[in-house]
Amino acid sequence: MNIKRVFLLLIILLQGAGTLFTDSLTDAYDNYIQGEQADQFDERERLFNQALKLYSSIEAEDAKLYFNIANCYYQLDQKGMAVWYYYKARALAPRDLKIRQNLITALEQTTSLTKGDTISTFFNFQLSNPEKNLLTLLLTMTTFTFMSLFIWFRKKPLQIISFSMLLMLCLFNLAFYFQKQANTLTAIVIYPTFLRCDAGHHYKEVKDDLEPAGKKVKILGLSADKKWIKVKSSSNEKGYVPVEKIKLL
């Protein structure tokens with residue numbers, strides 16, 4: 001088989017994959033719309049589950065895809081999973097008003113809305129992850145260029161600009177680093193659960209109320225059997241929850 005045939009075969013395969021991808025999106029959207037229009041509860045549930053299955057079969061890191069999956073979970077009254085996917089969508093499209101509004105609505109309905117969910121910082125939510133990487137790359141290249149010019153020409157203005165750019169680059173990298181570290185220790189409660197004093201259902205609850213779905217918690221550790229995770233809630237209570245009750249952001 002020559003190179004030309006291999007190239008043509010590759011194009012055909014890619015076109016076929018693109019067609020399947022488009023068909024899945026179209027079918028999923030059709031099922032979702034039919035689900036919204038259906039009058040019977042069983043029919044709505046069937047259509048939304050079918051839409052969810054089709055959307056979930058698409059392996060892509062895409063804000064719109066995560067948003068659609070979140071909407072399906074929301075319609076199926078699985079608000080915890082909806083909140084988790086809305087957060088994933090917002091990380092990729094932080095300025096999308098629909099994603100933000102649906103996230104707030106889901107949080108309000110799970111009684112999980114806090115001040116931190118409505119007031120966003122520039123670094124955390126106004127820039128998507130790809131934008132942060134691009135900004136860091138541009139700052140690095142600009143800093144390198146001005147440093148090189150200063151070393152070559154030894155001019156005072158170039159020195160001021162180059163060191164200012166270096167300082168800005170360091171600050172941006174520190175902000176992104178600490179945000180990333182914070183995110184790796186954060187999870188969303190998917191299903192309402194009690195905080196336990198230790199790793200086991202037989203241990204006493206830390207408080208009488210369930211930790212609601214959609215709530216953010218901070219990861220503190222993992223039990224020896226890896227079935228329980230120690231967390232700290234937004235109200236600073238510490239306790240253990242089953243691993244299947246939460247999802248990492």
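**View 1. Overall fold of the predicted model.** This is a predicted model, in which local features need pLDDT of at least 70 and side-chain atom pairs count only at pLDDT 80 or more, while totals for chains, interfaces and linings use all residues. Residues are numbered from 1 along each chain as its sequence is written, and side-chain values use heavy atoms, with hydrogens and water left out. The protein has nine helices and five strands (DSSP runs of H or I with at least four residues, and of E with at least two, numbered from the N terminus). Buried residues (under 20% relative accessible area, with a 1.4 Å probe and protein chains only) make up 35% of the 249 residues.

**View 2. Lining of the second largest pocket.** A pocket is an open set of points on a 1 Å grid over the protein atoms alone, where a 1.4 Å probe fits, with protein on both sides within 12 Å along at least five of seven lines, and its lining residues have an atom within 4 Å of a point. Here 17 residues form the lining, and Tyr55, Lys64, Leu65, Phe67 and Asn68 lie nearest the centre. Helices α1 (3-37), α3 (63-75) and α5 (97-109) each give two or more residues to this lining, and α3 gives the most, with six.

**View 3. Tyr177 in helix α9.** Tyr177 lies in helix α9, which covers residues 156-184. Because its relative accessibility is 46%, Tyr177 counts as partly exposed, a class that falls between buried and exposed (over 50%).
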